[in-house]
Amino acid sequence: MIKLLRIELYKIFRRPRTYISFGIVTATAFIFQLAMGAGGREFIEFGMQDVSEQFNVQGNIINGYLVAYLILQSLLIQIPLLVALVAGDTLAGEANLGTLRLILTRPITRTQLVLIKFFASVIYTVLLITWLAAIALFLSLFMFGDGDMINLKSDAFVLILKHDVIWRYVCSFGFATLAMTTIAALSMFLSAFADNSIGPIISTMGIVVVLTILSNLELPLFNAINPYLFTAHMVGWKGFFDAVPPYSAIGHSALVLVAYTLAFVGGTIYYFNRKDINS
């Protein structure tokens, strides 16, 4: 299994699209950082104009913690596509190349093959989120310095002292990794039904976009189904930046994401074990 996992990782990291994902994360974060360096103060002052009338806010407001948070808000919407670029190719890519039958001539079951490809996709996802953490947080701290973090929410103003920030980022990146693992499992599930990777990639993004829209619509019907949509729980990482994180809600969201991940992987195993690969 370890040897086959290494082979699968080699397949992933020899493809140009893998490095395109890391390049997109790097370029987007760096452009955002340059923009914040050039005009960030005006942007923050506009967002804090109501607060400034009641409080005297001083110090390094535009610091690495705030910039990293803004980057996360922007990039974690796009990361599912980058995860789907790889996970959507796991099984469909083999079918497209006609190598599924060759792989299964080895002493490996179909269930093992699915799990190996899933674990390889998870490793890729972890590396991508780790790279995002390095670029968004540590490069931002290098460029803008540290300080107390201001979180401007739509209905609240949260001030987090700088000694209380890092653990929140560690937890939020961990939660983001869990959310993107769910996306990887979904994309691999769709990949089992396809003979090329384009369909699963587009389908994954279509599902994420539609469910995200439903999650944000404040209508009675959608409010009823919203708790059951995995996209509604993918933003649970933001809870770590409340004054007092809602651990119960965050834990519930994590359990929902784990349940969806297991369901997608289980569905992939069920279907792939019955799929006709000789046609």
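Let me start with the largest pocket: α10 gives the most to its lining, with 6 residues. One caution before I go on. This is a predicted model.

Back to that pocket. Its space comes to about 520 Å³. The lining counts 22 residues, and those closest to the centre are I77, T212, T231, M234 and V235. Which elements give two or more residues to this lining? They are α4, residues 64-75; α9; α10, residues 198-216; and α12, residues 230-233. Sorted by class, the pocket lining has 14 nonpolar, 6 polar and 2 charged residues.

Now to α9 and its partner, α8. Helix α8 covers residues 110-144. Helix α9 covers residues 166-191. Their axes come within 9 Å and cross at roughly 145 degrees. The crossing of α8 past α9 is right-handed. Who makes the contact? On the α8 side, the residues are V114, K117, F118, S121, V122, T125, V126, I129, L132, A133 and L137. On the α9 side, they are I166, Y169, F173, T177, M180, T181, A184, A185 and M188. By class, that contact has 15 nonpolar, 4 polar and 1 charged residues.

From α8, the contact takes R110, T111, L113, V114, L115 and F118. From α13, it takes T261, V265, T268, I269 and F272. The class count is 7 nonpolar, 3 polar and 1 charged. Look at V114 and F118 on your screens. Both are in the α8 contact with α9, and both are in the α8 contact with α13.

How many cavities of 30 Å³ or more does the structure hold? The count is 1. The largest cavity has a volume of about 90 Å³. Its lining is L4, I7, E8, K11, I103, R106, I108, L113 and I116. Two elements give two or more residues to that lining: α1, residues 2-13, and α8. The largest share, 4 residues, comes from α1. By class, the cavity lining has 6 nonpolar, no polar and 3 charged residues.

Last item: charged pairs. Searching the whole structure gives 4 salt bridges. One of them joins E8 and K117, with the closest N and O atoms 2.9 Å apart. Why does this pair tie together parts that are 109 residues apart in sequence? Because E8 lies in helix α1 and K117 in helix α8. Both residues have turned up already. K117 is in the α8 contact with α9.

Notes: Residues are numbered from 1 along each chain as its sequence is written. This is a predicted model: local features need pLDDT of at least 70, side-chain atom pairs count only at pLDDT 80 or more; totals for chains, interfaces and linings use all residues. Side-chain values use heavy atoms; hydrogens and water are left out. Axes are lines fitted to C-alpha atoms, for helices over the stretch in contact, and angles run from 0 to 180 degrees between N-to-C directions. Contact means heavy atoms within 4.5 Å. Ala, Val, Leu, Ile, Met, Phe, Trp, Tyr, Cys and Pro count as nonpolar, Asp, Glu, Lys and Arg as charged, and the others, Gly among them, as polar. On a 1 Å grid over the protein atoms alone, a cavity is a set of points where a 1.4 Å probe fits but cannot get out, and a pocket is an open set with protein on both sides within 12 Å along at least five of seven lines; lining residues have an atom within 4 Å of a point. Grid points are joined across faces, edges and corners, and a volume is the space filled by probe spheres set on the points. A crossing is left-handed if the near helix is turned anticlockwise from the far one by less than a right angle, and right-handed if clockwise. A salt bridge is a side-chain nitrogen of Lys or Arg within 4 Å of a carboxyl oxygen of Asp or Glu.
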